[in-house]
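Welcome! Please open the structure in your viewer and get ready to select a few things along the way.

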Amino acid sequence: YLHLLDITPMMGVLEGVVMELADCALPLLVGVLPTASPEEAFKDVAAAFLVGSMPRREGMERKDLLSANVRIFKEQGQALDKVARKDVKVLVVGNPANTNAFICSKYAPSIPKENFSAMTRLDQNRAQSQVAAKLGVPVQDVKNVIIWGNHSSTQFPDASNAVVKINGVEKPVPAAINDDEYLKSLFVSTVQKRGAAVIAARKMSSALSAAKAASDHMRDWFLGSGDRWVSMGVVSDGSYGTPRDIVYSFPVKISNGKWQIVQ
């Protein structure tokens, strides 16, 4: 059952989304509840995708969005705390995602901190796709490309532990690419600036690729990541010398609905 939350002036538009969802004839979708009330939207939910934030426009950095978003994520955190399941999995997509996830968790003290995450899977997918294109292999044959840090232009895409399958044989990505200069410079900057490049091209921020990444993130969180590492912005336990309790993207492995930072 899908709950859709939006602001009151958008309720008419939301009805159009409800129509389109019905017209998709999705076999797993039992029903849809459109609402402008956070408490109604988050009532008893098991998964929450928080995509609503002040959108980023051309020439803006994610930090420019901060003040507008504190209000949004404070309200949503309080509503989750009050009415959601205590094992709810919360994925923050709206930017600045790491900070918004931190704020949301802070205002939902009865829900465990590890149940709040920020999306860096889009960055991981971008990085994985760059590596696959560089090597001329299908994207699914590349694994363990990771994103460290913040979902912003300060993130660090890292292929040093990545593995690629070529002609049925797995080998380390750095050896396969055999160009350290590329992996340290152009690869990193391309992934860091990809969001801005999309905005420059289509005058709006990433939409389909972000939705795909959100579904990847949540699917792996519920069903497990298998033998792959995935990138998630999670509350730091101090691993790798990071400050405790900030939301930071690490490589994680997931099983039984619980993530664990790869050490």
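A salt bridge here is a side-chain nitrogen of Lys or Arg within 4 Å of a carboxyl oxygen of Asp or Glu. Select Asp 245 and Lys 113: they form such a salt bridge, with the closest N and O atoms 3.3 Å apart. This is a predicted model, in which local features need pLDDT of at least 70 and side-chain atom pairs count only at pLDDT 80 or more, while totals for chains, interfaces and linings use all residues. Residues are numbered from 1 along each chain as its sequence is written, and side-chain values use heavy atoms, leaving out hydrogens and water.

Next, colour residues 1–116 as domain 1 and 118–259 as domain 2; these bounds come from an automatic or database domain assignment. The C-alpha centres of domain 1 and domain 2 lie 23 Å apart.

Now look where the domains meet. Here 23 residues of domain 1 are in contact with 26 residues of domain 2 (heavy atoms within 4.5 Å). One salt bridge is counted between domain 1 and domain 2.

Then select strand E3 (47–50), strand E4 (89–92) and helix H4 (97–106): each supplies at least two residues of the side of domain 1 that touches domain 2. Helices (H or I, at least four residues) and strands (E, at least two) are DSSP runs, numbered from the N terminus. That side of domain 1 has 12 nonpolar, three polar and eight charged residues; Ala, Val, Leu, Ile, Met, Phe, Trp, Tyr, Cys and Pro count as nonpolar, Asp, Glu, Lys and Arg as charged, and the others, Gly among them, as polar.
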